[in-house]
Structures are given as structure tokens and as C-alpha cells.
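This report covers confidence, core packing and charged side chains in one model. The structure is shown first.

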Amino acid sequence: MESTRVDRWLWAVRLTKTRPDAAAACRAGHVRVNDRPAKPATTVSAGDTVRARVGHVTRVVEVVRVIQKRVGPADAATCFIDRTPAPPPEAVLPVARRERGAGRPTKRDRRILDRFRTGRGPLS
């Protein structure tokens, strides 16, 4: 087996939940094979680079082995090399906390919390 359809391969290696989801992603332009837009019937073979937006994450994988049938997660992981770049670090924002058992916030406390959340004005 030298090549297969990209929608079938995405489903077989468990990058998408169903094959229709993989085909829909291809039709929507969320899948690229070797930096070219891919239709569901585009063929992939070993050595190709597949870029697929799955959910809110863009996965970049290199095809190592071509399979057509869905296999277990351990076997599926051996069919590609994940080259997805690490996500950028998120800014750490301070979290407003109240003491346990302090009850509901007063009107003044709510205004302070609102200013804290929106970043407007001093907190006193």
C-alpha cells in the first residue's frame, strides 16, 4: 500500500473522529498536503506533510506509514510523526479569590471585582 486518500488516512490515524469529519475539513480548506490545499480524494504517501486544523488546533504531521483501516491508538501513533509547534505560553493573569465562607460579596466588593477584571481604575 503506497498511497491512500487523505480523508481516509486522517480518520485511520485518529486525527479526526469520523471519516465524514475528515472529508468536511478537506472541503472547508482546513487540510493541506505538502503545503497545497487538499480535497478529500487527494492521495498521501509516506514522507508527505499533512497540515490539518482539528478543532481549534492546527496539527502538522509527517506521514510515516500509510494505512486505510482504523487501528488502535498505539498503532495509529506509529503512522505519523507529530511536528506540531508548541503553543505560545499564555499570559498568567491574577485570579480574584474570596475567603471561604465569606458570604456573598457586597456592592462595594462587586465593584472592586469588576474593576479588577476589566483592568479599569484602582482597586481601592
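## Confidence

The model is predicted. The protein chain has a mean pLDDT of 89, and 93% of its residues reach 70 or more. Confidence is highest in β2, at 96, and lowest in helix α4 (residues 107–118), at a mean of 86.

## Nonpolar core

The largest nonpolar core has 22 residues. Those with the most contacts inside this core are Val6, Trp9, Leu10, Val13, Leu15, Val31 and Val50. Two or more residues each come from α1 (6–12), α2 (19–27), β2 (31–33), β5 and β6 (57–63). The element that gives the most is α1, with 4 residues.

Leu15 is one of the core residues with the most contacts. Leaving aside neighbours within four places in sequence, Leu15 is in contact with Trp9, Leu10, Val54, Arg59, Val61 and Phe80.

## Salt bridges

The structure holds 5 salt bridges. Arg5, Asp7 and Arg19 are linked in a network of such bridges. The side chains of Arg5 and Asp7 meet at 3.1 Å, N to O, and those of Arg19 and Asp7 at 3.5 Å, N to O. The Arg19–Asp7 pair links distant parts of the chain, with Arg19 in helix α2 and Asp7 in helix α1, 12 residues apart. Asp7 is buried, with a relative accessible area of 3%. Arg5 is partly exposed at 33%, and Arg19 is partly exposed at 26%.

Another salt bridge joins the side chains of Asp114 and Arg117 (3.8 Å, N to O). Both residues lie in helix α4, 3 residues apart, about one turn of the helix. Asp114 counts as partly exposed, at 42% relative accessibility. Arg117 counts as exposed because its relative accessibility is 62%, over the 50% cut-off.

Asp48 is found in the loop between β4 (43–45) and β5 (49–54). Asp48 is buried yet has no salt bridge. Which side chain of opposite charge is nearest to Asp48, and how far away is it? The nearest is that of Arg36, 9.0 Å away, whereas a salt bridge requires the charged atoms to be within 4 Å.

The side chain of Asp48 does reach the backbone nitrogen of Ser45, at 2.9 Å. Leaving aside neighbours within four places in sequence, Asp48 is in contact with Val33, Asn34, Thr43, Val61, Glu62 and Val63.

Conventions: Residues numbered from 1 in each chain as written. Predicted model: local features only at pLDDT ≥ 70, side-chain atom pairs only at ≥ 80, totals over all residues. Heavy atoms only, no water. Buried < 20%, exposed > 50% of the residue type's maximum accessible area, 1.4 Å probe, protein only. Lys, Arg positive; Asp, Glu negative; His and termini not counted. Polar contact = N/O pair within 3.5 Å; in protein donor to acceptor, adjacent residues only side chain to side chain. Contact = heavy atoms within 4.5 Å. Core = buried A, V, L, I, M, F, W, Y, C linked by side-chain atoms within 4.5 Å. pLDDT = per-residue confidence, 0-100.
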